[in-house]
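The structure comes before the text.

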Amino acid sequence: MRSTAGMKLVFRIGECGFSLPVEDLIEIRENSAGLIDRSAADSEGRLLGELFHRGETIGVRDLARCLDIVSPGEDHGLAILVLAAGDRPWGVVADRVEGLFPATEFTPVELPPLLARGGQLPYRGLDTWRDELLVSCEAPALGAAWEAR
Amino acid sequence: MIAKIAMFFRAGKGYALAVEQIDQIVAAPRLFPLPLLPPGFGGVFLHKGEAVPLLRLQTVIGLDGSAAQSPPDFVVILHSEAGRLGLPADEVLSIVGRRQGASESSEEGGGRIFVYEDRQYAFLDTESLLATLLDTTDPEAAAEGLKED
């Protein structure tokens, strides 16, 4: 069995591609839109609802709204990524999951100084992967960005 | 002292740049959207392993309509104190000596224009334009960034 250590997840929300260290990922639940209990959604739309995950209920956060991304939403192979950050796991919705890939396939690229904005963005860098630029993100920073919105 | 001026078209409007600010002109690079970009930027592209932001020209030279939203045929890569940046162009017109045309005040918005063979080109001073874009999200203030060199 191949180890997943040192691998990265590639997923998409709308037109944006993201890479995430596999250490920040607990589980991927594909085609899972129907599993979200949307009665728990908040009025501001930041929390899409709740998901029953390994014996507990976790919040599913709307990362697209948090990051101002236009997402095609439920019609596009919705997947829930259960992330490990903070006291308890939480979920985010992705439009598409490309898979897990060795970290050696990714080359870090610095954010352009013009865009770094003194660290205000919820991501610190980019990755090139197969001729594509991805947002290099980590679950704690995404969680903090969601909390701040 | 600016010796030469390069002129470009984007969505039917012309703009001009000092040649010494130009690093390279490349054909239609692949653009990648990034979350939470400042409104003056339309994405990033890869250039020699570096992520370079693409500036929007909509507010700067008064573009409107779908042509201004379309992917550019060329990108003019400039260097600035804040790093490289790209400007979209549909046509690369010509490079002329500054004395072959005339630099005048614009009647609209107080910026500068370069007049060559009876056509007007918004003269873009990259540093002041960038300073304004990074300071504010106000399109009118961004247009004020066009100043004489």
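## Salt bridges, a helix and an interface

At 32% relative accessibility, Arg84(B) counts as partly exposed, where buried means under 20% relative accessible area, exposed over 50% and partly exposed in between (1.4 Å probe, protein chains only). This is a predicted model, in which local features need pLDDT of at least 70 and side-chain atom pairs count only at pLDDT 80 or more, while totals for chains, interfaces and linings use all residues. Residues are numbered from 1 along each chain as its sequence is written, chains are lettered from A and ligands numbered from 1 in the order in which they are written, and side-chain values use heavy atoms, with hydrogens and water left out.

**Salt bridges.** A salt bridge is a side-chain nitrogen of Lys or Arg within 4 Å of a carboxyl oxygen of Asp or Glu. By this rule the count over all chains is twelve.

| Pair | N to O distance | Burial |
|---|---|---|
| Lys8(A), Asp127(A) | 2.7 Å | both buried |
| Asp62(A), Arg65(A) | 4.0 Å | Asp62(A) buried, 15%; Arg65(A) partly exposed, 47% |

The salt bridge of Lys8(A) and Asp127(A) links distant parts of the chain: Lys8(A) is in strand 1 (residues 7-13) of chain A and Asp127(A) in strand 10 (residues 125-129) of chain A, 119 residues apart. Helices (H or I, at least four residues) and strands (E, at least two) are DSSP runs, numbered from the N terminus. A network of salt bridges links Arg12(A), Arg96(A), Glu98(A) and Glu132(A).

**Ser19(A).** Strand 2 of chain A holds Ser19(A), which is buried at a relative accessible area of 1%. Contact means heavy atoms within 4.5 Å. Neighbours within four places in sequence aside, the contacts of Ser19(A) include Lys8(A) and Asp127(A), and also Phe106(A) and Cys137(A).

**Helix 3 of chain A.** In this helix (residues 139-148), the buried residues are Ala139(A), Leu142(A), Gly143(A), Ala145(A) and Trp146(A). They cover an arc of only 160 degrees around the axis, which puts them on the same side of the helix; the arc is that of the directions from the helix axis to the C-beta atoms. Pro140(A), Glu147(A) and Ala148(A) are exposed on the other side. The cover over the buried residues includes strand 2 (16-21), strand 4 (47-53) and helix 1 (63-66) of chain A.

**Chain B and its interface.** Chain B has three helices and twelve strands, and 48% of its 149 residues count as buried. In chain B, 22 residues are in contact with 25 residues of chain A. The two chains bury about 1,800 Å² between them, 77% of it on carbon and sulfur atoms; buried area is the accessible area (1.4 Å probe) that two parts lose on being put together, summed over both. Between chain B and chain A the count of salt bridges is zero.
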